[in-house]
Amino acid sequence: MSEKLKNIPTDRKLYAFELDDVLYPYQDYILQIYYLFGSFYEFIEGTVKANDLAHFMKKVYMHHGEDMVFDAAKEVYGIDEKYKENLERLKANGILPLRLELYEEAKQLLLSLLEKGKQICVLTKGNPVEQLNKLKFFEWGALEQYRKSIKIYFVDELLHQQIDIIPYLAEEFTVNEEDIFVVH
């Protein structure tokens, strides 16, 4: 459950949501990526079982964070640094074996807002290719009918273009800035 979805005002016209750990649990994505990497590495090198590597990566992720995962796997399993690029590629473009489930609270909130005629967008940080890839694997359920109307905006790209995000969204959706609520 995302704590960020509690106590959201319902009097705004536009709601902008981050993806990771707001609409769905990020760990559901990254753990599947570790599984894919383990399978890839076992296939290429054959020196470690995919399940063992994926389980180790999960343990490091859970206890030390994502930034430590590759270096720990490299040290323990002797993985060559060149494979870090493969892990990054999988994070951006990996074809997940399982769908990503939205938090139940997120589904209910989004559905409720949309049924009330509110506008919704995704305002997300990080690699745009990776963020779009995640969206491909979302299980939208009752939200499927609205999926194509939800626009995606990339914080890093907007900032790179020196675009002030809230005024930009206000103009895009023809609402006042104070009518926008951002959940990140």
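1. The largest nonpolar core in this predicted model has 47 residues, and Phe17 and Phe37 are the residues with the most contacts inside it. Two or more residues come from each of strand S1 (14-17), H1, helix H2 (50-64), helix H3 (69-77), H4, helix H5 (104-115) and strand S3 (119-124). H1 supplies the largest share of this core, 8 residues.

2. Leaving aside residues up to four places away in sequence, phenylalanine 17 touches Leu5, Ile8, Val22, Leu23, Leu109, Leu110, Leu113, Ile120, Cys121, Val122, Leu123 and Val183. There is also a second, separate core, with 14 residues, including Val155, Ile165, Ala170 and Val175.

3. Leucine 5, one of the residues touched by phenylalanine 17, is found in the segment before S1. The relative accessibility of leucine 5 is 11%, so this residue counts as buried, the cut-off being under 20%. Beyond residues up to four places away in sequence, leucine 5 touches Phe17, Val22, Glu105, Ala106, Leu109 and Val183. The pair leucine 5 and leucine 109 is separated by 104 residues in sequence, yet the C-alpha to C-alpha distance is 7.9 Å.

4. On helix packing, the axes of helix H1 (residues 26-45) and helix H4 (residues 83-93) come within 9 Å of each other and cross at roughly 135°. H1 and H4 are therefore oblique to each other, since an angle has to be over 145 degrees to count as roughly antiparallel. The crossing of H1 past H4 is right-handed.

5. Which residues make the contact between these helices? From H1 they are Tyr26, Tyr29, Ile30, Ile33, Tyr34, Leu36, Phe37, Phe40, Tyr41, Ile44 and Glu45. From H4 they are Tyr83, Asn86, Leu87, Leu90, Lys91 and Ala92. By class, the contact of H1 with H4 has 14 nonpolar, 1 polar and 2 charged residues.

6. Aspartate 179 lies in the loop between helix H8 (165-173) and strand S6 (180-183). Is aspartate 179 buried or exposed? With a relative accessible area of 14%, aspartate 179 is buried, because the value falls under 20%. Not counting residues up to four places away in sequence, aspartate 179 touches Arg12, Lys13 and Leu14.

Definitions and conventions. Residues are numbered from 1 along each chain as its sequence is written. This is a predicted model: local features need pLDDT of at least 70, side-chain atom pairs count only at pLDDT 80 or more; totals for chains, interfaces and linings use all residues. Side-chain values use heavy atoms; hydrogens and water are left out. Axes are lines fitted to C-alpha atoms, for helices over the stretch in contact, and angles run from 0 to 180 degrees between N-to-C directions. Helices (H or I, at least four residues) and strands (E, at least two) are DSSP runs, numbered from the N terminus. Angles under 35 degrees count as roughly parallel, over 145 as roughly antiparallel, 65 to 115 as roughly perpendicular and the rest as oblique. A crossing is left-handed if the near helix is turned anticlockwise from the far one by less than a right angle, and right-handed if clockwise. Contact means heavy atoms within 4.5 Å. Ala, Val, Leu, Ile, Met, Phe, Trp, Tyr, Cys and Pro count as nonpolar, Asp, Glu, Lys and Arg as charged, and the others, Gly among them, as polar. A nonpolar core is a set of buried Ala, Val, Leu, Ile, Met, Phe, Trp, Tyr and Cys residues joined through side-chain atoms within 4.5 Å. Buried means under 20% relative accessible area, exposed over 50%, partly exposed in between (1.4 Å probe, protein chains only).
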